[in-house]
Every structure is written in structure tokens, then in C-alpha cells.
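Visitor: I would like to go through this model by question and answer. Please show it first.

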Amino acid sequence: MKAKLRFAAPSAGIGDLLVILAVNHSRSREKNAPGEPVLLTSDTVVLRAAESVLKSGEFKAESCETLLLHAPQGMPAKRLLLIGMGKLAKITVQDVRKAAGTAIRFAKPRGIREVIVTLPEDVAWTMGASTRAVVEGAHVGDFDPDTYRSDRKDQAVQWLIVNAPAVEKLTPEVKDEIDNAFRVGMVVGEAQNFTRSLVNEPGNTLTPTEMGKRAAAMCKLQGLACEVYSTEKIKELKMGAFWSVAQGSAEPPALIVMTYEPEEVQPDAPVLGLVGKGITFDTGGISIKPSDGMEKMKYDMAGGAAMIGAMQAIAQLHPKVKVIGIVCAAENMPGGKAQKPGDVQVAMSGKTIEIINTDAEGRLVLADGLAYAKQLGATHLIDAATLTGACVVALGHIQAGVFSNDETIYRHFQDALEISGERFWRLPLDEEYREMIVSQIADIMNTGGRWGGAITAAMFLKEFVGETPWIHLDIAGTAWVEDQKPWIAKGPSGIAMRSILEWVHSYDGVALPPTEAQPLS
Ligand code: BES
Ligand code: MN
Ligand code: ZN
């Protein structure tokens, strides 16, 4: 999507669709008193054009509610679209994301090619925050997973115009803030959709080798160092856990290593290691999955895709911290050479693993990926993986799981969530859970039985990070949007990429422009 930023009165906007955000506001102090729709603009021409429809009661400005007016009076724009964000007392900047996504998804099927979204006035967060929310939210709305459809509609919206109302409040500093936020929002929005496009690819096109090629192409374009290794190097590095998953497939695995090195770093600065699960298709292996819904297992590389997307954004935003991105890509297949339940594997770290279930393959590839990140010098680790069905049982499709062995690194991640707007819920890592993965024949088993499956999977990973501060993200329930929403299509969500990016920036000293926080004077 192309986008431009304009400083002008909303009603001066020339284009196919002018979007104004609205809230439901109740003047009465009574709880649940019915409110009225209020437009978040001071533009009198817009207010006048919408006056009678607002009075009519047919638009309540509920979350994602839309109302379209053709040929709005006194304006050059062809259409005026009001989008509700819900109760004024409850809205956050994340509602602006949704509204912007809703605007784009409203426009696309109608063949509307130019959408002007006006930043809301009089809200409890900054103009910069609104700008990022509009640009990023519009990108989220713009993605459709119809890549291989002959009648694909993915290119329908050509222009997003972010309209920063030219109110007197806009000092040069605020203009700069909006400008900068617009630039960052574009980078983040594009990276998230790049992530989603990778996740959307079927297993027959996005093989581990192809995933490596796409990562390498991105790195080349962005000026990042990239190395893609295969079988030989994986064996040479003694990545027995990673290889054990790959050995059952005719497709060779790919160990993708992307490196971002800033121009200047302090000698004792942290080195961040990003490790993603890149199972390009998960049949379960010999412990084969039921065929019902197995087609979905093409998205088992969503964690890896999030890392590739994050590296793209990092390359463009250049934080002052070194970042190593690792993706362990393999196909989990039940071929003649596949590993079997009962096999014992030796991981790169030297730990021995009894394979109980070949379908618990994500933790195997990550075990060696995490160890390798440490070997390459990572001082802080974050991994993302569609790791367990148990996490989906625990949290459903709303929140993703987060685990950590260190409070400081976790605080950085929590701050990142404030900005990204993504939702993660922390799950525990008590030592007692470790007993569940102790093996009779080897150091540990790759599954821990029926209960607490997301936790025992995380405990397994913990064995390979040692004392290094570490965050583990289980995105099994959130990497795929099961039901479309007004602001996002059904399909890959791109979850975790934005939070990982903000987390990286939290080590930079210079934070990205905020999306939450200080009210405008
Ligand atoms: N990729 C799956 C986890 C998954 C499940 C992702 C549902 C998305 C939706 C993972 O490799 C897996 O199969 N995990 C097993 C582990 C079990 C055998 C201990 C699971 O969760 O069933
Ligand atoms: Mn599996
Ligand atoms: Zn899997």
C-alpha cells in the first residue's frame, strides 16, 4: 500500500473516501446511560455535513460500526465514512488501529482506491501514537490471504492518506513527531504484512529451502548479513535435535542466520538473539496428526516468519543494538528415515533427549536454535513458536502465551506490549514442572504428559537457555485468525513481530515513538 501524510483540514481532503473517527459519549453520570455519537474532529464543515445523520440515532459509534455518506456537503471528498470506536471512557489507541483497519476493509471490496484517514483530535494519547496506529492498522486491514486466487482483490486500495488536522495545536515538534511516527508505522506495517505473506504460503511452495531464499532476499535488499545453512552444516554443528526433525523429510532443512550490526555499539552492550520455529509443514511425523484440519499446519513456521519480518523492520529502523535472527526451518514428515518414538537424540548442547512423541518437534528445533544463538554471542534471547495445542486450550485465540526466566527481560517485554498492542499472558515456569520431563534413559523427554503442556514445552526449552535471560512466546492460538473481523481478514495474523521489534528497541536507549501515553497538553 502506498501512503502519504498530509497536514490539512479534514474537509479539505480530496479523495474517494474521507474517514472520521467517532466515539460514543454519554454526558450523564449514570452507568450504562445511552450515549451519543461524537466525531473526534473540530472541523465544522465535517460536523455540519454529519449533523443530521448523527441526530437520527441510526449511528451509535459502537466499536467498528460504520456509516457512509455520499457527496458530503461542502467537501471535495466523494464520500464521508464515520467509524465508531465505542465508549469514549474505554477507548485506547488500539481502537484507532482497529478503526483504520476497518476503513481499509470497508473500501477494498467496494473498489474505493483512495482512503483518507483523519487523526482523531482530543484523545488521551499523542498524535504520534495515533499516526502509528492509523498506518499500522491500515496495513493490517489491507492484507488478504487470496494470493493464489484468480480473482484476487488484494490490490484494491492504492493510497492511504493520513490526514493530520491542521489545528493550531500542531507545533513544529508535534509535526516532527507525526512525521517520524508515519515513517515508523510504514516500516512496521510492511514488516507485519511480509510476515503474514510468508505464513500464508502453502507447504509446497514455502519449503525450508524456499524460506531460506526469501529470508536471504530480504536481507540482501535491506543490507543485512545472512547465511542459510543446510544438512551438512547442521550435522557439523552437531545439532542432533534439529536434524532429528528434518531427517524424515525429502526436503532439506534450513538454518537461517540473519545479522544486524549497528554502526556504533558500547563494548558491553547486549546482543539480542531472536529464534523462530520454522516448521514449514507439521504432519506430526511418525506420531502422525489426524487428517482433519491438518492443512492448517502450514502455519507452523509463523514464529520464524515473525523473526524474518522483525529483522526487516530492524534493518530499516536501525536500533543501536546488535541483533542475531535465527530460524530453524524443517518439514516434520513421517518418511522412511523419520525418527521414531523411543529414539534418543543428542542436542548441540550435549543434552540427551528421549523422543516420546515426534509431533513435539518445535521444541527440538528450537533447542538447537537457542543454543546456537548463545554460541554466536547472544546475551538476551527471545523465541517465538506455534509450539503447543495446550497453549490454545489454556488461552484460546485471544491472548498468546509468554514465559520468562528473568524479571528484567520480562519487564522489557511488558513495556513492548504496551506499545505494540499485542496481547500475551504470562504462564509459570516453576522448577517442579521439570520432573514431568525427566527421562529414564536420557536427560529429558520431549513431552511431559497430558497436563500443563504449554508449560512443559517451555520447561524443555529452558534446559537449553541456561542462565541467559530469555523470553518464550507460544503463538499457536493467535498466529492464525480463525474468524475474520472488521479490521482483519481470516488467515495469518503476523502476531509477535511488532512486540519483538519493540522489545529490541527497548535495548536501544532511543525508544521508538510511543503509541500509548501522555495526553496532548
Ligand atoms: N505445531 C504443533 C502445535 C500447534 C497445535 C500449533 C495447534 C497450532 C495449533 C506442535 O508441533 C505440536 O504438534 N505439539 C503437540 C505436542 C504434544 C505432542 C506434546 C501438541 O500440542 O499437541
Ligand atoms: Mn507437532
Ligand atoms: Zn509443530
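Visitor: How many salt bridges are there between domain 1 and domain 2?
Guide: This is a predicted model. A pair counts as a salt bridge if a side-chain nitrogen of Lys or Arg lies within 4 Å of a carboxyl oxygen of Asp or Glu. Between domain 1 and domain 2 the count is two salt bridges.

Visitor: Which side chain meets Glu-502 in a salt bridge?
Guide: Side chains of opposite charge can pair when their charged atoms come close. For Glu-502 the N to O distance in the salt bridge is 2.7 Å, and the partner is Arg-132.

Visitor: Which element gives the most residues to the side of domain 1 that touches domain 2?
Guide: Two or more residues on that side come from helix 2 (93–107) and from helix 3 (127–142). The element that gives the most, with six residues, is helix 2.

Visitor: How many charged residues does the side of domain 1 that touches domain 2 have?
Guide: In domain 1, 17 residues are in contact with 20 residues of domain 2. By class, the domain 1 side has five residues that are nonpolar and six that are polar. Its charged residues number six.

Visitor: What area do domain 1 and domain 2 bury between them?
Guide: The domains span 2–169 for domain 1 and 194–505 for domain 2, and their centres, taken over C-alpha atoms, are 37 Å apart. Of the area buried between the two, 54% is on carbon and sulfur atoms. The total is about 1400 Å².

Visitor: How many residues surround ligand 1?
Guide: The closest to ligand 1 are Lys-289, Asp-300, Asp-359, Glu-361 and Gly-389. The residues that surround the ligand number 16.

Visitor: Which residue has a backbone N or O atom 2.6 Å from an oxygen atom of ligand 1?
Guide: Glu-361 places a side-chain N or O atom 2.8 Å from an oxygen atom of ligand 1. Thr-386 has a backbone N or O atom 3.3 Å from a nitrogen atom of the ligand. The backbone atom at 2.6 Å from a ligand oxygen belongs to Gly-389.

Visitor: In which helix do Lys-55 and Glu-51 both lie?
Guide: The structure holds 24 salt bridges, and one of them joins Lys-55 to Glu-51, with the closest N and O atoms 3.4 Å apart. These residues are four apart, about one turn of the helix, and both lie in helix 1 (residues 44–56).

Note on methods
Residues are numbered from 1 along each chain as its sequence is written. Chains are lettered from A and ligands numbered from 1 in the order in which they are written. This is a predicted model: local features need pLDDT of at least 70, side-chain atom pairs count only at pLDDT 80 or more; totals for chains, interfaces and linings use all residues. Side-chain values use heavy atoms; hydrogens and water are left out. Domain bounds come from an automatic or database domain assignment. Contact means heavy atoms within 4.5 Å. Buried area is the accessible area (1.4 Å probe) that two parts lose on being put together, summed over both. Ala, Val, Leu, Ile, Met, Phe, Trp, Tyr, Cys and Pro count as nonpolar, Asp, Glu, Lys and Arg as charged, and the others, Gly among them, as polar. A residue is near a molecule or strand if one of its heavy atoms lies within 4 Å of it. A polar contact is a pair of N or O atoms within 3.5 Å; within protein, one must be able to donate a hydrogen and the other to accept it, and residues adjacent in sequence count only if both atoms are side-chain atoms.
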